[in-house]
Amino acid sequence: MTEADAIDTQDEQPDNSQQAGREQRYTGEYPIVVEGLTNRFGDQVVHEDLSLKVRRGEILGVVGGSGTGKSVLMRSIIGLQVPQEGHIEVFGRSITDADPDETLGVRNRWGVLFQGGALFSTLTVGENVQVPLKQFYPEIGSELLDEIARFKVVLTGLSAEAAAKYPSELSGGMKKRAGLARALALDPELLFLDEPTAGLDPIGAAAFDRLTRELADTLGLTVFLITHDLDTLYEICDRVAVLADKKVIAIGTIPELLESDHPWIDEYFNGPRGRAAKDSHDRAKADSKAIDSAPDKGA
């Protein structure tokens, strides 16, 4: 089942959606808790005894080599992948043991930007944003749906007119923002981003990073962010979780990870691209500090 299929399947359940109610915001320390997770596909073991805790309010970057199961981990957390072993809790409620109908009160509290956007090609941007709203709040009228959709579109930096466009009329960066607008449709507390800057030019990627940080700070989001982009890790991530050897081998700030002697971590952060990202980040911080400390000529 593809991500778009999963969204479409959920949208075909109006009876269940009417049972969804909005709960108070989560105030615990860890909105995501993964313990002893094992995922297998035939003879291939992707995760084995993987554990992870995500802190409320942080942007957690998730990195790892190809085949380490970063997207599989995300899909397990949001219930699209059923693990063979382990336990997952979101907002203190079980995802792995619960009946799908029992998780309705959890699923309307997260938003997901799948890799590539996973927009419905036959729907406009505004109609794409309305998909989760119609699923969970079928009582909302069409006029209010249109208004909410336009607001979410503008919130992600697109023009209000973009709501009337189809995905085929958008650039790669605009598709990412449109997918983000849909992810934000339900005013989520959790935001899952799967390679959000993949395929974007450096300027577009940097702009998307800034948008993510601003939205997280303004809306009080906890962000689970899968990425290969070292610039993203340095610029906006509070902590980074490293997947290797079928589990999370390390989690912490980048300075903390730089002290690790694990070969993959050393190669990733201390290789040429890692050093370039660090140098760029250090220069940007120095420039910002110089601007902040410069005397005000207008005074």
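Strand 7 (residues 190–194) and strand 8 (residues 222–226) run parallel and are joined by five bridges, strands being DSSP runs of E with at least two residues, numbered from the N terminus. Leu190 has Thr222 as its bridge partner in strand 8. Strand 7 also pairs with strand 6, again in the parallel sense, over four bridges, and here Trp110 finds its bridge partner in Leu190. Two strands are taken to pair if DSSP finds at least two bridges between them. The model is a predicted one, in which local features need pLDDT of at least 70 and side-chain atom pairs count only at pLDDT 80 or more, while totals for chains, interfaces and linings use all residues. Residues are numbered from 1 along each chain as its sequence is written, and side-chain values use heavy atoms, with hydrogens and water left out.

These pairings belong to an open sheet of six strands with mixed pairing and the order 6-7-8-3-9-10. Its edges are strand 6 (110–113) and strand 10 (247–252), each of which pairs on one side only. Direction ignored, neighbouring strands of the sheet are turned by 15° against each other on average. Strand 7 is largely enclosed by the rest of the structure, because five of its five residues are buried (under 20% relative accessible area, with exposed meaning over 50% and partly exposed in between, for a 1.4 Å probe and protein chains only). In a regular strand the side chains alternate between the two faces of the sheet. In strand 7, Leu190, Phe192 and Asp194 point one way and Leu191 and Leu193 the other way, and all are buried.

Helix 3 (residues 70–77) lies across strand 3 (59–64), strand 6, strand 7, strand 8 and strand 9 (239–244), and runs at about 145° to strand 8. Helix 7 (residues 172–183) packs on the sheet and touches strand 6 and strand 7, its direction making about 165° with that of strand 6. Axes are lines fitted to C-alpha atoms, for helices over the stretch in contact, and angles run from 0 to 180 degrees between N-to-C directions; contact means heavy atoms within 4.5 Å.

Helix 5 (residues 125–136) is likewise largely enclosed by the rest of the structure, since ten of its twelve residues are buried; among them are Val125, Asn128, Gln130, Pro132 and Phe136. Val106, in helix 4 (residues 104–107), counts as buried because its relative accessibility is 1%. Leaving aside residues up to four places away in sequence, Val106 touches Val90, Phe91, Arg93 and Ile95. The C-alpha atoms of Val106 and Leu190 are separated by 10.0 Å, although the two residues are 84 apart along the chain.

For the protein as a whole, the count comes to twelve helices and ten strands, and buried residues make up 47% of the 299 residues. Of the contacts between residues at least 6 apart in sequence, 70% join residues at least 24 apart.
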